[in-house]
Amino acid sequence: MAMKGSSLAKALDDRLGGAGFLKKAMRKVFPDHWTFLLGEIALYAFVIVLITGVFLTFFFKPSMQEVLYDGAYAPLRGVKMSEAYASTLDITFEVRGGLLMRQMHHWATLVFLGAIVIHLLRNFFTGAFRKPRDLNWLIGVALFVLVMFNGLFGYSLPDDLLSGAGLRILHGVTISVPLVGTYLAMFLFGGEFPGADIIARLFSLHVLLIPGLLLLLLPLHAVVLTWRQTHTQFRAKGLHDGVVRGAPFFPAFLAKTTVFFLWVTAVVAGLATVFQINPVWLYGPYAPSTISAGSQPDWYMGFLEGALRIMPPWELTVFGHTVTMSVLIPALAAPGLLFTGLALYPFLERWITRDHAIHHLLDRPREVPSRVGLGVAGIVYYGVLWMAGGNDVLASAFHISLYTTTWIFRVLVLAGPVLGFVIARRICLGLQARDRHTLTHGVETGVIVRGPDGAFAEVERPVTDEESAVLVPPALPALPARVNGDVPPPSRRRVRDAVQRSWSR
């Protein structure tokens with residue numbers, strides 16, 4: 001039997017090749033640090049989303065055709081609704097395991113996006129986006145945007161009152177785009193809102209187009225480029241950009257990642273079992289004439305909702321056409337600032353520092369205080385807008401005026417990021433000073449002794465080589481200085497060099 005198996009393997013290798021690559025891949029070393037597995041959570045959550053999504057497509061009907069509901073949920077019997085909403089109720093109450101699959105699908109999407117955000121922040125603060133991973137960083141940002149849109153389209157499919165409110169906002173944002181907005185809205189919705197085709201078209205985008213792009217980009221991001229490159233790792237004694245310390249893919253990392261996948265699946269299943277999410281049967285079918293108070297989108301779209309809520313009612317008239325800045329700025333400029341900044345930052349930092357070297361060792365965040373400050377500023381910007389998406393709920397909970405909460409968030413969205421930058425940068429500089437003190441004076445032992453003069457002092461021990469390797473930051477590449485007698489560069493280049501030196505310092 002073993003001979004037959006080896007003969008089959010040899011025959012396949014003779015025709016398809018790959019034995020050499022497979023042998024090398026099995027020996028690839030993976031770091032042991034726990035932060036390396038943050039991206040794995042996103043990958044496993046995506047697998048759960050795919051599996052549960054395939055199950056749901058067997059029973060969901062993406063149609064806005066009106067029907068009279070006569071299903072298992074008694075409070076809505078005899079109510080007119082779309083086939084999409086009726087089939088969602090059938091999945092929930094009549095399909096065996098349907099409610100569990102719906103909730104697992106929704107929770108896995110939230111975990112997926114949460115893991116992407118945490119993985120992105122880890123890579124940003126540690127400098128994992130630097131060369132040669134700048135392309136992988138861009139793919140990661142693109143994945144984040146695609147998953148956000150797919151989540152929006154997904155929770156809009158049931159055609160309930162809550163998702164219909166989100167589609168009304170999507171329609172308003174679309175028609176506000178100058179010149180082409182009305183054409184885009186007619187194309188997407190199939191007519192005046194709510195149209196007749198929006199659910200069917202969102203279904204195609206949700207289960208075909210965007211998942212197809214994700215299935216193309218995710219393996220490229222998580223497998224192809226990752227396997228071609230050396231994995232990142234934190235600085236330690238004996239490590240440099242040409243050395244990786246960890247365990248081989250087979251059997252150590254394969255066993256670890258398999259168990260981790262089972263844990264992620266168990267957590268998602270536990271959340272879906274214990275914590276109710278998106279109970280569409282309580283909202284009822286969508287009707288354009290019906291509104292509800294306290295409507296909130298999923299957390300990852302909350303910052304767009306908040307931007308729309310706190311934006312002043314600004315409008316411009318250009319060549320006889322009204323441009324609604326109160327919609328365009330929060331819907332396009334707010335996310336554009338966030339995601340464009342994320343995409344361009346690796347190249348901006350490289351231009352400032354002129355650091356074109358290959359990096360496999362990660363930075364400690366305290367070693368790059370300005371980067372940390374910018375990252376915290378982005379988090380505060382996102383967080384303020386996210387909280388502003390619930391300004392009505394906050395006003396009701398704390399018994400204050402809705403206008404008061406709106407103005408508070410208008411001020412915070414401008415002042416908060418600046419304060420976040422300054423405070424985070426000062427904390428990093430303080431931690432750097434502490435590291436320098438440790439290198440100079442030694443490590444505190446907690447042992448207090450009394451000297452001959454009666455004064456008390458703490459005993460400090462010398463820093464070990466292992467600790468020194470972590471505490472001593474790598475030197476930044478020096479910007480080339482002009483030698484006396486060289487021909488002065490053009491004025492444009494002198495200005496560029498001055499800006500680079502100032503920002504690099």
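This is a predicted model: local features need pLDDT of at least 70, side-chain atom pairs count only at pLDDT 80 or more; totals for chains, interfaces and linings use all residues.
**Entry 1, the strands.** Strand E9 covers residues 443-450 and strand E10 covers residues 456-461. They pair in the antiparallel sense, over 5 bridges. Which residue in E10 is the bridge partner of Arg-450? I found that it is Phe-456.

I then went looking for empty space. Rolling a probe the size of a water molecule over the atoms shows where such space is left. The largest pocket holds about 1100 Å³. I noted 40 residues in its lining, and the closest to the pocket centre are Leu-152, Gly-166, Leu-170, Met-301 and Leu-304.

Which helices give two or more residues to this lining? I wrote down H5 (98-126), H6 (134-156), H7 (161-175), H8 (181-189), H12 (302-310) and H13 (325-353). H7 has the largest share, with 8 residues. I also sorted the pocket lining by class and got 29 nonpolar, 8 polar and 3 charged residues.

How many cavities of 30 Å³ or more does the whole structure have? My search turned up 1. The largest cavity has a volume of about 40 Å³. Around it I listed Met-64, Asp-159, Gly-164, Leu-167, Phe-189, Phe-193, Pro-194, Ile-198 and Tyr-286. By class, that lining divides into 7 nonpolar, 1 polar and 1 charged.

Two packed helices are described by the angle between their axes and the distance between the axes, so I looked up both values for each pair.

I took H3 (residues 38-57) and H10 (residues 249-274) to begin with. They pack at an angle of about 55 degrees, and their axes are 9 Å apart.

H5 packs with H10 at an angle of about 125 degrees, with the axes 8 Å apart. H5 and H10 are therefore oblique to each other. H5 passes H10 in a right-handed crossing.

Notes:
Residues are numbered from 1 along each chain as its sequence is written. Side-chain values use heavy atoms; hydrogens and water are left out. Two strands pair if DSSP finds at least two bridges between them. Helices (H or I, at least four residues) and strands (E, at least two) are DSSP runs, numbered from the N terminus. On a 1 Å grid over the protein atoms alone, a cavity is a set of points where a 1.4 Å probe fits but cannot get out, and a pocket is an open set with protein on both sides within 12 Å along at least five of seven lines; lining residues have an atom within 4 Å of a point. Grid points are joined across faces, edges and corners, and a volume is the space filled by probe spheres set on the points. Ala, Val, Leu, Ile, Met, Phe, Trp, Tyr, Cys and Pro count as nonpolar, Asp, Glu, Lys and Arg as charged, and the others, Gly among them, as polar. Axes are lines fitted to C-alpha atoms, for helices over the stretch in contact, and angles run from 0 to 180 degrees between N-to-C directions. Angles under 35 degrees count as roughly parallel, over 145 as roughly antiparallel, 65 to 115 as roughly perpendicular and the rest as oblique. A crossing is left-handed if the near helix is turned anticlockwise from the far one by less than a right angle, and right-handed if clockwise.
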